[in-house]
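Biologist: Please put the model up, and then I will ask about it place by place.

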Amino acid sequence: MEELFEKMAEVLIAGKEAEVKSLAQEALDKGAAARDILDKGLLAGMDVVGQRFKAGDLFIPEVLLCARCMHGAMDILKPLLSEADAAGVGTYLIGTVEGDLHDIGKNLVSMMLEGAGFQVIDLGTNITAQQFVEAVKEHKPDILGLSALLTTTMPRMEETIQALKEAGIRDQVKIMAGGAPVTQDFIEKIGGDAYGANAASAVDKAKELVA
Amino acid sequence: MKRISRSGIGTTAGFGLAAFSRDELDSIHYATLQILQDTGIKVLSENALEIFHGGGCEIERFEGYGIVKIPSYVVEECVFWAPRTIVYDARNPDDDYVAEPNRVGFTTFGGCINVIDPLTRDLRRATKKDCGDIARVCDHLDEICVAERVVNSTDVPEGTLSVHNLEAILSNTGKHIFLGADSPRALSVMAELAAVCSGGMDNLRKRPIFTANVCPISPLTLPTNTCDVIIEAARLGVGVMIMPMSLSGGTSSATLAGTLVTHNAEVLSCIVLAQLAKKGLPCTYASTSTILDLRFGTSAIGSPEYGMINATLAKLAQYYRLPSFVGGGASDSKVPDIQSGYEFTLSATMSALAGANIVFGSGVLEQGLTIDYAKIIMDAEMIRMIQIAIKGIELTDEKLAMDVIHEVGPGGAYIAHEHSLLSMRSQSQAKLFDRRSRSDWLEATEGKSIVARAYETAIDILENHQPHPLPDNAPKAMSKIVKEFEKELKGGL
Ligand code: B12
């Protein structure tokens, strides 16, 4: 079985969706647990993809192609996974703060997180503190990610954290933030949990937070 | 020997760039018309939707936005209404900038948030003081034809940024100013500031000394503020500069040709809105589009593609007979090093050769986030060199100098000839770059790097340059207007 997992990771890294799917099916037929296929085959492959991306060997569209392969295979596994397992590594709620319409970076982070096995709920841009609070209540994510690209919208991050505190749900969720003007210092100052300088480090930090 | 007049011979003046034939530009134009008519533009402003509707566009409404489909005849007519040539009026009339076809000027990048402190050389957040200081340096530099809001005043209350920016810039330069507006209301306050410096609103209408920058959001989206600022600019008679920043591979097609088409559609849709709001409103065709580096996920403004995209968009602006304001000379390096110099030169030269009216990008580092004083000074030196280069080589009888060549003859010397005396001052001249011998260089500079000397030049300008004076009452009046606006916003919150 280990060999099969290895092969699955290999074809996933090569971006061959049909083969990933048929290997996943084969593993199931041979009696492997869905959770093992996910962890040892698919996510193991995505791990390598993540490392290669960080090293500058893979381009973003290649990473997204690999992620698509993973999700293709997930369609087969999902009915066999418990709800908790189907959520993958964890649930990640993300959005760009109020007044800010920049979303390229946020979208990239979302896609990379999905590739790494997170279930991502993307609220979009121009999201008010109150909308974040409602969404946290509704989706109960493990992590909330805030994006801001403008110095003028950075204060919205702090206000969002404040609003979560007021709603009494700040401690139910880890908070990450990013965007070009955002810094580690800033996040510490406003009482967030982690900073993501780019998509690759956002994934690493997110994994640490849910570990 | 006699050389009498020649009959018409084919001549070119200056060096140019052969980017796209007329037919190819036509193909981009037709592709754009198709996008505007069939795919449409997403518009988030209710006011704008009404104006588009009134202008004969088809509107499909969804929750919170509308898709506007613009018939080709509306596009073509509106483009025709936009003024052909624009003089960018300046607070100091000596600095009025005439943007006739193929006149090439340069300005800095804009909207940065960080600055490398010229004294400590530390990276820090830019303040209102930086915004004014950098404007003063740009006022001094002849190589800068108009002033940008180079950095944002990040130390002022929310919603008032653009108003503070303009106050700082007006106080420090007499050149025409390009800057964005936080809101339509902020724009009208900005017009009040400018009016105070131009002798009243009527004078400002005759000679608008600033232009409002607006940015569509790629792909094919006009956010509320972009639309409403255009509409307010039309009301005030302030021209608009329309600058998409498509990132090829991210917010536009990964192929550059497709990027040109959507970029063009975004600019033209804003021109349609501006012209429907006020026929004849000055519109500047702008761009700072580039690629999204698909390995690092960064907006790579130091890439050759930045030059390629922006040079061709300058050609496209000429095709529409509109003044152009396109990228060239930006860098992704984090410090003013050799990478930043190479990157500056490639894309700035391309956009200049293409005949862009204003080449936008000097002084900037780090994908547009950081501005550096030394870089502004070094880039100005290179701008002078580029401006010499694009003039090309003139082939007149006088310049061919046949008589002189005969006279000096084989083995002779030109250096003492009167002809050299007459021509010498047209040579390019290095001030900061060094062309001396090694020993002279050592003596003159003590081996100090160009970057260090550039910082010194910048500091010297900051200490000594006096900008064109403001009218006596203006500083007080401006600060009152700004304070009242701050109060107004606070009251509103
Ligand atoms: C592209 C761009 C735009 C596009 C946005 C398109 C879009 N769909 O997003 C357009 C042209 C529409 C635009 C508009 C504006 N922009 Co803009 N824009 C940029 C630019 C050049 C690149 C941003 C980008 O997408 N980078 C690529 C992505 C992949 O990187 P990223 O966003 O940094 O994201 C990475 C990390 O930061 C991190 N990350 C991001 N979010 C998150 C979230 C989490 C949770 C985590 C963990 C990590 C993380 O990971 C990402 C992936 O690696 C920046 C300059 C810059 N270099 O950042 C200016 C910039 C941010 N914009 C600026 C300005 C001024 C504006 C406008 C106000 C201009 C105007 N006059 O209209 C408007 C504002 C509109 C609004 N209300 O939001 C200024 C900001 C100044 C300031 N005061 O802060 C900048 C710095 C440029 C400049 N020098 O002018 N902009």
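Modeller: Two remarks on conventions come before the questions. This is a predicted model, in which local features need pLDDT of at least 70 and side-chain atom pairs count only at pLDDT 80 or more, while totals for chains, interfaces and linings use all residues. Residues are numbered from 1 along each chain as its sequence is written, chains are lettered from A and ligands numbered from 1 in the order in which they are written, and side-chain values use heavy atoms, with hydrogens and water left out.

Biologist: Which residue is the only protein donor of the cobalt atom of the ligand?
Modeller: Donors are N, O and S atoms within 2.8 Å of the metal (3.2 Å for Na, K and Ca), and sites may look incomplete because water is not among the atoms. One protein atom, an NE2 at 2.3 Å, is the only protein donor of the cobalt, and it belongs to A:His102.

Biologist: Where in chain A does A:His102 lie?
Modeller: Helices (H or I, at least four residues) and strands (E, at least two) are DSSP runs, numbered from the N terminus. In these terms A:His102 is in the loop between strand S1 (90-96) and helix H6 (104-115) of chain A.

Biologist: What is the volume of the second largest pocket?
Modeller: On a 1 Å grid over the protein atoms alone, a pocket is an open set of points where a 1.4 Å probe fits, with protein on both sides within 12 Å along at least five of seven lines; lining residues have an atom within 4 Å of a point. Grid points are joined across faces, edges and corners, and a volume is the space filled by probe spheres set on the points. For the second largest pocket this gives about 1200 Å³.

Biologist: Of the residues that line the second largest pocket, which are the closest to its centre?
Modeller: The lining has 35 residues. Helices H11 (338-353), H12 (373-391), H13 (397-400) and H15 (418-423) of chain B each supply at least two residues of the lining. Closest to the centre are B:Gly14, B:Lys391, B:Gly392, B:Ile393 and B:Glu394.

Biologist: By class, how many residues of the lining of the second largest pocket are charged?
Modeller: Ala, Val, Leu, Ile, Met, Phe, Trp, Tyr, Cys and Pro count as nonpolar, Asp, Glu, Lys and Arg as charged, and the others, Gly among them, as polar. The lining has 13 nonpolar and 15 polar residues, and the charged ones number seven.

Biologist: How far apart are the C-alpha centres of domain 1 and domain 2 of chain A?
Modeller: Domain bounds come from an automatic or database domain assignment, which gives domain 1 (2-85) and domain 2 (88-210) in chain A. Counting contact as heavy atoms within 4.5 Å, 14 residues of domain 1 of chain A meet 12 residues of domain 2 of chain A. The C-alpha centres of domain 1 and domain 2 of chain A are separated by 26 Å.

Biologist: Which residues does a cis peptide bond join?
Modeller: Most residues other than glycine have a negative phi, and most peptide bonds are trans. The cis bond has an omega of about -5 degrees. B:Pro219 is in the loop between strand S11 (210-214) and strand S12 (221-222) of chain B. The bond joins B:Ser218 and B:Pro219.

Biologist: Is A:Lys140 buried or exposed?
Modeller: A:Lys140 has a positive phi of about 45 degrees although it is not a glycine, and its loop runs between helix H7 (129-139) and strand S3 (143-147) of chain A. Buried means under 20% relative accessible area, exposed over 50%, and partly exposed in between (1.4 Å probe, protein chains only). Because its relative accessible area is 62%, A:Lys140 is exposed.

Biologist: Is B:Ala401 buried or exposed?
Modeller: B:Ala401 also is not a glycine, and its phi is positive at about 55 degrees. The loop that holds B:Ala401 is between H13 and helix H14 (402-408) of chain B. With a relative accessible area of 11%, B:Ala401 is buried.

Biologist: Which residues of chain A does B:Arg125 touch?
Modeller: B:Arg125 is in strand S8 (residues 123-125) of chain B, and counts as partly exposed because its relative accessibility is 29%. Not counting residues up to four places away in sequence, its contacts include B:Asn114 and B:Asp130 in chain B, and in chain A they are A:Thr151, A:Met154 and A:Pro181.
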